[in-house]
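Below is a short report on one model. It starts from a single residue and moves on to the sheet and the ligand.

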Amino acid sequence: MSYAAAALEATGLGMSYSRRKSAVLEDCSFRLPQGHICALVGPNGAGKSTLLRLAAGLRRPTRGTLNVLGRTPAQARELVAYVAQSKPLHPHLSVADTLRYAAVLNRSTGRWDQPAAERIAYGDEGLDPGAKIRTLSGGQRTRVALALAFGKRAELMLLDEPMADLDPLARKQLTGALMSAATEQGTTIVMSSHVIAELEGSCDFLFLVAGGRLRLGGEIEEVMSAHTLLTGTAALDTSRQTVIEQRPAGRGSTALVRSHGEPVGEWLAERPTVEEVLLAHLSNTEAPPLLTGDATPESVQRPQSARSQENAA
Ligand SMILES: Nc1ncnc2c1ncn2[C@@H]1O[C@H](COP(=O)(O)OP(=O)(O)OP(=O)(O)O)[C@@H](O)[C@H]1O
């Protein structure tokens, strides 16, 4: 495994908005290698937006560390585009003026890409350049916010529910634009969503957050391969299977498991869908978390003592 700077790397990350309330995020350690399109999923109030805000440098963690592209979130700000759920834009500016203003703000970075911003804003029956922001619908505002993110030519895009108010065609266009940014420019994208189906076609990495903790993390293919859906009537041998969720089905039961060996007895073994794995983990927050090797930070993979010895050598 290579330890090139990860897009995101967190160790023991915790966040509380107030001392009186319980932590929103607790002891989260994870790593997102660069170049992935990562789905950030979890129930309402799980801390997805909070995590994106921490990565965007808009909030500071109350515990632990979070590195963005090998730097602190504040140092990485020029390389990061963040699209908040609320899409704050100047209501009195036109769409064209909003892009012009962004070009001026980003002049010092030398990274502003006007054609990329215009493709998202005006392409494929897009927006009228002269339309004032205050007259736009929710989905049209999202389009402007995304145009600004693409124009910034960021190395990391943090998108908080970007698809929520887009129509199906605009979603398809955005998915295409995100996938080409990832494959052609190596951009890393993290996007939160509740619609699992829309993430399946575009994302190749996944983080599931629930109850303030990270439940699943890794390449979607690897996370899925670690799970099996068993249907049968025998009793499950828990020394061979970690049962994530089991429910009655006909005269037997269906169980989503992580297998450590062949099940004993007659079981039909199938590959679960992404939705089945996520729903099982959401309904059993006591299930042991799974972080694949790629999603495990260096600090957890290699204990401090090993790194100290290497540094001393
Ligand atoms: N600015 C804030 N001040 C105090 N508490 C906050 C603030 N922002 C969020 N919270 C609380 O933190 C928790 C996590 O909120 P967050 O918005 O990060 O969740 P989320 O996973 O994005 O939820 P959703 O899917 O509903 O958008 C919630 O309990 C919320 O009330």
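## Around A226

Leaving aside residues up to four places away in sequence, A226 touches R258 and L290 (contact: C-beta atoms, placed from the backbone, within 7 Å). This is a predicted model: local features need pLDDT of at least 70, side-chain atom pairs count only at pLDDT 80 or more, and totals for chains, interfaces and linings use all residues. Residues are numbered from 1 along each chain as its sequence is written.

A226 and L290 are 64 residues apart in sequence, yet 9.0 Å apart C-alpha to C-alpha. A226 sits in the loop between α7 and β10. Helices (H or I, at least four residues) and strands (E, at least two) are DSSP runs, numbered from the N terminus. With 16 other C-beta atoms within 10 Å, A226 is partly exposed (buried means 20 or more, exposed 12 or fewer, partly exposed in between; C-beta atoms are placed from the backbone).

## The sheet

Seven strands form an open, mixed sheet, ordered β5-β6-β7-β3-β8-β9-β14. Strands pair if DSSP finds at least two bridges between them. β5 and β14 stand at the edges with a single partner strand each, so one side of each lacks a neighbour in the sheet. β3 and β7 pair in the parallel sense over four bridges. L40 stands opposite S192 in β7.

| Strand | Residues |
|---|---|
| β3 | 37-41 |
| β7 | 188-192 |
| β5 | 80-83 |
| β14 | 290-291 |

## The ligand

Y17, V24 and K48 are among the residues surrounding the ligand (C-beta atom, placed from the backbone, within 6 Å).

How values were computed: Two residues are in contact if their C-beta atoms, placed from the backbone, lie within 7 Å.
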